Amino acid sequence: MHLPSEVYCREIGEIKNAVKTPTGYQGGRAIVGSSVTYSCHAHYTMEGSRVRTCTKDGTWSGEQPRCIRKYIFHQYEHVYVVIGYVYR
């Protein structure tokens, strides 16, 4: 009798400016149903899938996210500061 081998997803990796939280891993490996949740650091916004799940064909659901710096505008006496650049 031949038993099917366990399906694993490859390591999904880190993304810049984010924290990765894996759940459901066994022995440090992502099995079917395991998931990874990403959270961007402060002042960053996410593009892509926040949660990705290991599927039965050994691939990750969704698309790899990325965290992009938010543009924050401050007005000080008619001087605008945009991430280190000064416009008058």
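Modeller: What follows begins with the ground rules, goes on to the fold, and then takes the links in turn.

This is a predicted model, in which local features need pLDDT of at least 70 and side-chain atom pairs count only at pLDDT 80 or more, whereas totals for chains, interfaces and linings use all residues. Residues are numbered from 1 along each chain as its sequence is written, and side-chain values use heavy atoms, with hydrogens and water left out.

The protein chain has zero helices and ten strands, where helices (H or I, at least four residues) and strands (E, at least two) are DSSP runs numbered from the N terminus. Among these strands, three form an open, antiparallel sheet in the order β2-β4-β6, with two strands taken as paired if DSSP finds at least two bridges between them. The edges of this sheet are β2 (18-23) and β6 (51-53), each of which pairs on one side only. Strand β4 (residues 35-40) runs antiparallel to β6 and is joined to it by three bridges, and in this pairing Ser35 stands opposite Thr53 of β6.

Turning to the covalent links, the structure holds two disulfides, each counted as a pair of cysteine sulfur atoms within 2.5 Å. In general, a disulfide is a covalent bond between the sulfur atoms of two cysteines. One of them joins Cys9 to Cys54, with an S to S distance of 2.2 Å. Cys9 lies in strand β1 (residues 8-9) and Cys54 in the loop between β6 and β7, so this pair ties together parts that are 45 residues apart in sequence. The torsion about the S-S bond of Cys9 and Cys54 is about 95°, which means that the disulfide is right-handed. Cys9 is buried, at 7% relative accessible area, and Cys54 is buried too, at 2%; here buried stands for under 20% relative accessible area, exposed for over 50%, and partly exposed for what falls in between (1.4 Å probe, protein chains only).

The other disulfide is formed by Cys40 and Cys67, whose sulfur atoms are 2.0 Å apart, and with -85° about the S-S bond this link is left-handed. Because Cys40 lies in strand β4 and Cys67 in strand β7, the pair ties together parts that are 27 residues apart in sequence. Cys40 counts as partly exposed at 22% relative accessibility, while Cys67 is buried at 10%. If the bonded cysteines of the protein chain are numbered in sequence order, the pairing reads 1-3, 2-4.

The charged links come next. There are three salt bridges, a salt bridge being a side-chain nitrogen of Lys or Arg within 4 Å of a carboxyl oxygen of Asp or Glu. One is made by the side chains of Arg66 and Glu47, at 3.2 Å from N to O. Glu47 itself is partly exposed, with a relative accessible area of 39%.

Salt bridges that share partners also join Glu11, Glu14 and Lys20 into one network. Lys20 is buried, with a relative accessible area of 18%, whereas Glu14 counts as exposed at 58% relative accessibility.

As background to these individual values, buried residues make up 23% of the 88 residues in the protein chain. Taking a contact as heavy atoms within 4.5 Å, residues 24 or more positions apart account for 34% of the contacts in the protein chain with a separation of 6 or more.
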